[in-house]
Amino acid sequence: MATNAATKAAGRKPESRLALVRRARRMNRILAETYPDAHCELDFSNPLELLVATILSAQCTDKRVNMVTPVLFAKYPTVEDYAAADRAEMEEIIRSTGFFRAKTNSIIGMAQAICERYGGEVPGRLKDLVTLPGVGRKTANVVLGNAFGVPGLTVDTHFQRLVRRFGWTEETDPVKIEHAVGELLPKSEWTIFSHRVIWHGRRICHARRPACGVCPLAALCPSYGTGPTDPAQAEKLVRSGPFS
């Protein structure tokens with residue numbers, strides 16, 4: 001079973017499949033209580049804006065993206081505007097998000113593809129979204145879950161790190177992680193669970209020094225002790241948004 005190594009390393013007996021499902025769903029409930037306001041931290045008002053913002057968020061913080069998108073959205077209100085955009089002008093607007101030349105290529109290419117293949121409307125199916133330039137499964141699931149109400153798991157770096165720490169899977173491939181976690185939770189929970197995990201990863205379960213001593217999941221997490229377990233020390237590691 002995928003979680004056996006994690007449970008053995010933590011001095012626990014290997015879990016049965018049923019026990020893993022029950023533990024996963026209990027952890028999800030605790031995260032729901034801990035982060036009742038969890039949501040997508042990218043600002044948007046329609047599927048196109050979210051698609052553009054998510055492309056910009058690669059290797060960039062949501063806070064920085066949200067500083068850039070008001071100007072971008074005002075200059076390019078429609079997909080046709082993005083498709084016909086002046087490359088140099090767009091690059092200058094999004095420069096601070098990093099990798100601005102590649103992101104400009106993706107945004108313009110994405111918009112042109114939508115105009116050519118989908119009648120100028122952002123498609124609402126995974127299999128269509130992932131054919132667009134700059135759009136992988138992670139980006140597609142962000143758009144589907146938050147703009148179309150179609151459940152999806154956003155397997156970003158926080159998500160990958162946390163579900164492995166939770167002992168839910170030992171997979172390292174994002175697609176395999178998505179499928180493994182999807183089998184543990186009700187489909188209706190996928191989108192909001194993704195937000196809860198990302199919020200937890202940004203605030204408490206950090207990559208280098210997780211704040212284990214104040215983590216609400218401590219009793220259920222096989223990785224408890226990776227970071228400081230003393231509550232006073234752990235409290236100093238807790239962060240709050242918006243994230244820079």
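Biologist: Why is Cys40 called buried?

Modeller: In this predicted model, Cys40 has a relative accessible area of 14%, and buried means under 20%, with exposed over 50% and partly exposed in between, for a 1.4 Å probe and protein chains only, so Cys40 counts as buried. Because the model is predicted, local features need pLDDT of at least 70 and side-chain atom pairs count only at pLDDT 80 or more, while totals for chains, interfaces and linings use all residues. Residues are numbered from 1 along each chain as its sequence is written, and side-chain values use heavy atoms, with hydrogens and water left out.

Biologist: How do you know that Cys40 is in no disulfide?

Modeller: A disulfide is taken as a pair of cysteine sulfur atoms within 2.5 Å, whereas the nearest cysteine sulfur to that of Cys40, in Cys60, is 14 Å away. The structure as a whole holds zero disulfides.

Biologist: What makes the sulfur of Cys221 too far from a partner for a bond?

Modeller: The closest cysteine sulfur, in Cys205, is 6.4 Å away, which is too far for a bond. Cys221 is also buried, at a relative accessible area of 11%.

Biologist: Why is helix H12 described as largely enclosed by the rest of the structure?

Modeller: Of the 14 residues of H12, 13 are buried, so the helix is largely enclosed.

Biologist: What makes H10 roughly perpendicular to H12?

Modeller: Their axes, lines fitted to C-alpha atoms over the stretch in contact, come within 9 Å and cross at roughly 85 degrees. Angles of 65 to 115 degrees count as roughly perpendicular, so H10 is placed in that class relative to H12. The contact (heavy atoms within 4.5 Å) includes Phe159 of H10 and Ser194 and Ile198 of H12.

Biologist: How do you know that Thr154 is buried?

Modeller: Thr154, in the loop between helix H9 and H10, has a relative accessible area of 8%, so it counts as buried. Leaving aside neighbours within four places in sequence, Thr154 is in contact with Phe159, Ser194 and Ile198, among others.

Biologist: Why is Gln59 called exposed?

Modeller: Gln59 has a relative accessible area of 68%, so it is classed as exposed. Gln59 lies in the loop between helix H3 and helix H4.

Technical notes. Helix = DSSP H or I, 4+ residues; strand = E, 2+ residues; numbered from the N terminus. Axes fitted to C-alpha atoms, helices over the stretch in contact; angles between N-to-C directions. Parallel < 35°, antiparallel > 145°, perpendicular 65-115°, else oblique.
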